[in-house]
Amino acid sequence: MVEITRKQVIPGDVIITGDYRPGMFVERRGTDLVALRVGLAEIVRSDVKVIPLSGAYFPRVADQVVGKVVNVTGYGWEADINSCFVGYLPASFIFGRDFSPATHDLNSRFSVGDLLMAKIEAFDRTRDPQLSIRGPGLGKIPKGDIVRISPMKVPRLIGRKGYMVKMISNLTHCEIKVGQNGLIVLAGPPDGVVRAIKAIDLIEQDAHMADLAQRVEQFLGASPGSSNSE
Amino acid sequence: MEEKRKLMDENGIRTDGRKWDELRPIRMEVGQLHNADGSAYIEFGKNKIVAAVYGPKEMHPKHLLLPERAVLKCRYHMAPFSVDERKNPAPSRREIEISKVIREAIQPALFLEDYPRTAIQIYVEVLQSDGGSRVAGITAASLALADAGINMRDMVVGCAVGKVDGKVVLDLNDTEDKEGSGDLPFAFMPNLNRVTLLQMDGLFTLDEFKQALGMARDGALKVYQMQREALLKRYFAGGVAEMSTTEEEAE
């Protein structure tokens, strides 16, 4: 157990003064720790960070993202990952080291419009993010409905150790694939999908509330099997 | 410039009934436009301005991208119906210049180096114009950038000061702007206390200039409070500002 202090901040606000370590979206100015984004500043022990409430997705290595193939080149696939950069999946990651554009047909694996669950394998400031589909749960997504939420609210949708997303999945009998880039793919019975979308909307709206899990549980529990509960 | 009529009566009351150090009524709202990444609407007296931000997004044309930082683009535009006589919607010399000064007033507040090879686009659209639209535009653009979630050192907030009937007054309206004898638009970053825009039109003595600068800063700080409230209202409507809890450490 540890004490956490939360504070609403806007860019330029001094969160706290003193001997603290600046984390994400926090800058040290002399002894002041200053917020760089609109969000909730969190002070845990000597660490200060801001949980932003707005913003586009910016790729980070090891993130799982949902991508849509937008281009097939001679040596790989380009996928829209809801970011300012295009994700690149090299063909050698799929066909192995003996890949040759002459012998392998890239369209036989993924073509334009296909959805992928991928991992950001490598990304730095100089090149576009490289994707990989090696790993459990990664690969082509065969079916489902896409829902978008703000990428900054994805951690709330996932919940602590995946609690929230598992709960929604169990209560709506949907398979939910969540990309850290704010794209979510839902597959399951139609009424379940509708309820899951409503639950996700609720999370998007009330992401800053403390009792979010209970509210979502109550919302889903109060409307078992019906799609017209709201 | 010859003044055509009295802009201030013997009691120091201006044409619109304000005192010399009074701001016009101001209203701000954040996140009005759903298709932009960030947006804000501001009413600054009779000014009605929408600011929208897209980005960071892919830079086009590609040959203009910068390998180490984002390119900031800004367009200030007045709608044809924003003034008494229809304005030609093509960008005028004045609009191109104001686009440049807004961009340069905003740029110091942004961490452009956090978004290499990308572009951030700001649109400032004046729907109805009154005096001081560039500072109101800067205030709105800064709100839209915060709404778009771009890393910022500080907010940027603007306010103008001018000279009418030989007296330094805060926040000129359209009549005072056109018929007065001086205008001093000012924008700064309130927490850093750094000026990002300072222009001057007309003649001010050194003392008048110093007084004007102080007034502009005080006015801008008042606008900053409203800017702050608008952002907090958008993101934390009805929530508590600060709280402490004891809980298991989050992953």
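**Note on a predicted two-chain model**

1. Confidence in chain A. The mean pLDDT of chain A is 91, and 96% of its residues reach 70 or more. pLDDT is the predictor's confidence in each residue, on a scale from 0 to 100. This is a predicted model: local features need pLDDT of at least 70, side-chain atom pairs count only at pLDDT 80 or more, and totals for chains, interfaces and linings use all residues. Residues are numbered from 1 along each chain as its sequence is written, while chains are lettered from A and ligands numbered from 1 in the order in which they are written.

2. Confidence is highest in strand 5 (residues 32-35) of chain A, at 97. It is lowest in helix 5 of chain A, at a mean of 88. Helices (H or I, at least four residues) and strands (E, at least two) are DSSP runs, numbered from the N terminus. Over residues 225-230 of chain A, pLDDT stays under 50. For that stretch the model has seven contacts beyond four places in sequence. Two residues are in contact if their C-beta atoms, placed from the backbone, lie within 7 Å.

3. Confidence in chain B and the complex. Chain B averages a pLDDT of 93, with 93% of the residues scoring at least 70. For the complex, the predictor gives an ipTM of 0.89 and a pTM of 0.90.

4. Domains of chain A. Chain A is divided into domain 1 (4-52), domain 2 (64-141) and domain 3 (145-221). These bounds come from an automatic or database domain assignment. Between the C-alpha centres of domain 1 and domain 2 of chain A the distance is 37 Å.

5. The interface. On the chain A side, 27 residues are in contact with 36 residues of chain B. Strand 1 (residues 2-9) of chain A gives the most to this side, with seven residues. By class, the side of chain A that touches chain B has 14 nonpolar, six polar and seven charged residues. Here Ala, Val, Leu, Ile, Met, Phe, Trp, Tyr, Cys and Pro count as nonpolar, Asp, Glu, Lys and Arg as charged, and the others, Gly among them, as polar.

6. A helix pair in chain A. Helix 3 (residues 163-172) and helix 5 (residues 212-221) of chain A pack at an angle of about 5 degrees, with their axes 10 Å apart. That makes helix 3 of chain A roughly parallel to helix 5 of chain A. Angles under 35 degrees count as roughly parallel, over 145 as roughly antiparallel, 65 to 115 as roughly perpendicular and the rest as oblique. Axes are lines fitted to C-alpha atoms, for helices over the stretch in contact, and angles run from 0 to 180 degrees between N-to-C directions. Helix 3 of chain A brings residues including Met164(A), Met167(A) and Leu171(A). Among those they meet in helix 5 of chain A are Val216(A) and Leu220(A). The contact divides into eight nonpolar, one polar and one charged residue.

7. A helix pair in chain B. The axes of helix 2 (residues 133-148) and helix 4 (residues 206-236) of chain B come within 11 Å and cross at roughly 30 degrees. That makes helix 2 of chain B roughly parallel to helix 4 of chain B. Contact residues include Leu143(B) and Asp147(B) of helix 2 of chain B, and Leu231(B) and Arg234(B) of helix 4 of chain B. By class there are five nonpolar, two polar and two charged residues.

8. Backbone points to check in chain B. The peptide bond from Gly55(B) to Pro56(B) is cis, with omega near -5 degrees. Pro56(B) lies in strand 3 (residues 47-58) of chain B. The bond from His60(B) to Pro61(B) is also cis, with omega near 0 degrees.
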